[in-house]
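Let's take a walk through this structure together. Keep the picture open while you read.

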Amino acid sequence: MSAEGLLARRSLTRNRVRFAVSVGGVALALSLTLALDAIYAGVANQLTTYVDRAGADVWVAQAGVRNLHMVASWLPASVTERVRAVPGVAEATPILYSTDTISAGDERGVAYVIGLPADETMGGPWDVVQGSARVGRGEIIVDQGFARKAGVSIGDTVTVLGGQARIVGLSQGTASLVNSVAFVSFDDFQAVRGGAPVVSFVLVKVATTTSPEAVAAAIGGLVPDVTVQTGTDFSAQERRLVMDMSADVISIMNAVGFVVGLAVVALTVYVATLARRREYGVLKALGARNGLLYRVVLAQSFLSVAAGFLVGLAFTSLLAFVVPRVGLNLELSISAASLIKVGLFAAIIAGLASILPVRQVSSVDPAVVFRRGAAV
Amino acid sequence: MLLARRNLFRDRTRFLLSVLGVAVSIGLILLLAGYRSGIYRQASAYLDHAQGSVLVAERGVRDFMGTSSVLPAGAEQAVRQAPGVARVIPVVSQFVIFEMHGRKDGFFLVGYDPAKGGGPWDLATGREPEADDEIVVDETAARQHGLAIGDQIRLLDRDATVVGLSGGTTFWAGSMAFARISTLQSLLRAPDLQSFLLVTPTGGTDAAAIANRLSIPGTEVLLKGDVIANDRKLMARVYDAPIGLMVAIAFVVGVLVVGLVIYTATIERRREYGALKAIGARNRILYRVVALQALIAAVAGSALGVGLAYGAGTGLMAWRPQFQVEIEPVAIAFVLAASLLMALFAALIPARAVARLEPAEVFRG
């Protein structure tokens, strides 16, 4: 380790409490940003689960609908046949979709309710842990987490879409922080909507000889008033929705984390410098230039911040590990982009924090060492 | 306690730094807490302003913002005919995502009948929608997207003309927009769709009594206050986890910084406190001086911090009007109490060390 590094480390670690508080403060401040990024990335992962697992290569929706979450998409039922007729379409399954409340006893949960045709090959539950994977009239498949919380199991009834349905299957991997996914029969769903001949989405599997992009373009060209996207695009749109809607919150929290981190590091480094003034005096008396002393200060703040960054990362990783295991449907996903951003934050914080003590260092009079009882 | 004050003010930079450290911490905690309160306030804006005290929804639905509700046919008629009902306002609500300037944004679209009510309560400019291709959007959202009256916007598979701008209608996931109920019915391809009924009881009729009396198959009759509470609960589940976590972290960091500031300020005066002892001061006096100094710095910092929070909140709302910051007195009291306690605690730890010192020791080394 260089002389500066050694001096910096010594100066920092001599006062353990101060060092711990400084590192802890930076860690928490950086965690603020790291954890929030991770939470939103996790939410984005969860929200795309249905789109990712529905098994469709192409999604056909009402014109202007590019997302699933919270929105509505209603197409004339005749669209399904028109989509089937497009070259390259191997299979087309219409589904009905609405964000509804499922309740059983006192437990209520928001759910994507999917209406599935009897002969569906796509869009149904992908991981049924108990019971049937097919729903008939008056039946429903719910998320097992919801069932557990509500204290219901197969054979019990729940309230959904303003009516009752009997649970015939429990699926897993169908719950997010925001909602779960439930599956009912297409006919039940349609009856609730007054029997109008509509569908929400048409899910398409493409022939092996062609690509989803080509078929999506073909459907878009042949069927009017629809928005056609490949499954990958649809999923990406959903991800962007989360990011765009949370962008402002994230930038505020980033700013807060930055300011708090800066305040903590600046303060501890400044105080550490003040407290070591005599030692800087000694160094100066020994012939050290201001440049060296600055570097010592800079090294101090970088050391605190680097330690804080590592502790913060460990803390966030711990959160990411613990949170999904305590029954919260919350997933934290730490991305490389977020790590780079926070790392950059940390470096800037360290740099800025070392500006304040510069004046202190340069004004240290080497003679201070020789004065007895001088103020520390 | 002249001594405490004089000692404190002698080194102005250090004192200022302590105060500033405390102020920044307190300001940040309050700002975040206020931001969180503001979100809640915004979430209930529509129901707060809508007429009626009873809400009729699809069976099983207990909230307004979170889910789509579909009322059974004939529900409006049945409610109208019930005794004690003065007014019934049907509305259709649907969340719509749109994209402008490469960024996704959301409208909570409310379909209403201008003759019956349920529309914007603060129409800043323009008029209510008179035709099916007309829409009233939030003025803040309009400003952000560069929309003015007369502009066309794409609403799913059709175009709509902006005819009015409403105030106070932004919320955490976007903004509200208003169109005729028939616009939404055609947009959602559901000709007679009604999502909710806002019911006003006749004078002298109790809302709870109406709620108990109304029994229409396939519906849920709710008190408006309960629905607002449910919306908040729903939001708390969805949104509060991240924000709550942030407020908690900011609180811990903030209080820690207060402690750190006061701790270092005290520890750096150890020598002076030692000198006090050397001239015969008792430990009791020493503690009092230390505590008083900590309190002066903490109180000055806190006062500045509260001001800072209000300033930053106002600035934030001016910069991004969709954010509402509501700094609540309870939050201020709580944060101040916690920081003062922390300040005292942080000051007394090093003071104890000094108290145990032999007076002569301070002059050594």
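Start in chain B, where Tyr112(B) has Arg180(B) in E9(B) as its bridge partner. Two strands count as paired if DSSP finds at least two bridges between them. Helices (H or I, at least four residues) and strands (E, at least two) are DSSP runs, numbered from the N terminus.

Before going on, a word about what you're looking at. This is a predicted model, in which local features need pLDDT of at least 70 and side-chain atom pairs count only at pLDDT 80 or more, while totals for chains, interfaces and linings use all residues. Residues are numbered from 1 along each chain as its sequence is written, and chains are lettered from A and ligands numbered from 1 in the order in which they are written.

Now look at the other neighbour of E3(B). Nine bridges join E3(B) to strand E2 (residues 85-100) of chain B, this time antiparallel. One example is Phe98(B), whose bridge partner in E3(B) is Asp105(B). E2(B) and E3(B) make a hairpin with two residues between them, and His101(B) in the turn has a positive phi of about 50°.

Is E3(B) enclosed or open? Nine of the ten residues in this strand (residues 103-112) are buried, so E3(B) is largely enclosed by the rest of the structure. Buried means 20 or more other C-beta atoms lie within 10 Å of a residue's own, with C-beta atoms placed from the backbone.

Methods. Buried ≥ 20, exposed ≤ 12 C-beta atoms within 10 Å, placed from the backbone.
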